[in-house]
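User: Could we go through this model together? I would like to begin with the aromatic rings.

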Amino acid sequence: MRPRSPNIQNYRPQLTSVLSIANRFTALISVVASVAFVAWLAAAALGPRPYGALYTAAVSPAGRALLVIATFAFFLHLCGSIRHLFWDAVIGFELRAIYASGWATVAASILLTAAAWLVGLRVRG
């Protein structure tokens with residue numbers, strides 16, 4: 001079978017392609033996290049026993065790791081979408097601006113994730 005273009009064996013990943021693929025994965029992660037959020041709400045409505053089981057899973061090390069990943073996915077998708085809104089307005093298509101906005105998207109996602117978790121932990125006490 002003939003390779004399809006672009007053949008990923010011949011091309012090195014670039015920031016733009018990595019962020020494009022990441023945008024799709026973060027959308028999927030956000031959908032799964034939304035379903036988990038609905039399950040959490042349903043558990044809370046069903047009473048203390050189902051809620052306690054879900055809470056125990058969420059505060060476990062694996063649960064917290066998944067929550068951090070979901071938070072980062074949400075913010076990366078949000079920041080990437082804002083970046084695309086600028087592109088829809090035909091702003092920032094110069095090569096230097098494309099890379100600057102790409103790195104700004106990654107940095108903002110990391111900072112927003114850290115800020116959300118710091119605020120959440122502070123509010124929790």
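Analyst: The ring rule gives five aromatic pairs; rings of Phe, Tyr and Trp (its six-membered ring) pair if their centres lie within 6.5 Å, with planes under 30 degrees apart stacked, over 60 edge-to-face and the rest tilted. One of them is the stacked pair of Tyr51 and Tyr55, at 6.2 Å centre to centre and 25° between the planes. This is a predicted model, in which local features need pLDDT of at least 70 and side-chain atom pairs count only at pLDDT 80 or more, while totals for chains, interfaces and linings use all residues. Residues are numbered from 1 along each chain as its sequence is written, and side-chain values use heavy atoms, leaving out hydrogens and water.

User: How far apart are Tyr51 and Tyr55 in helix α2?

Analyst: They are four residues apart in α2, so about one helical turn separates Tyr51 and Tyr55. Helices here are DSSP runs (H or I, at least four residues), numbered from the N terminus.

User: Which aromatic cluster includes Tyr51 and Tyr55?

Analyst: Tyr51 and Tyr55 form one cluster with Phe37 and Trp40.

User: Changing topic, which residues of α1 are buried?

Analyst: Leu15, Leu19, Ala22, Thr26, Ser30 and Ala43 are buried in α1, where buried means under 20% relative accessible area (1.4 Å probe, protein chains only). These buried residues pack against α2 (48-59), α3 and α4, with contact meaning heavy atoms within 4.5 Å.

User: And what follows α1?

Analyst: Gly47 comes next, with a positive phi near 125°.

User: Which residues are buried in α4?

Analyst: Ile98, Gly102, Thr105, Ser109 and Thr113 are buried there. Their cover includes α1 (15-46) and α3 (61-88).

Notes: Buried < 20%, exposed > 50% of the residue type's maximum accessible area, 1.4 Å probe, protein only. Helix = DSSP H or I, 4+ residues; strand = E, 2+ residues; numbered from the N terminus.
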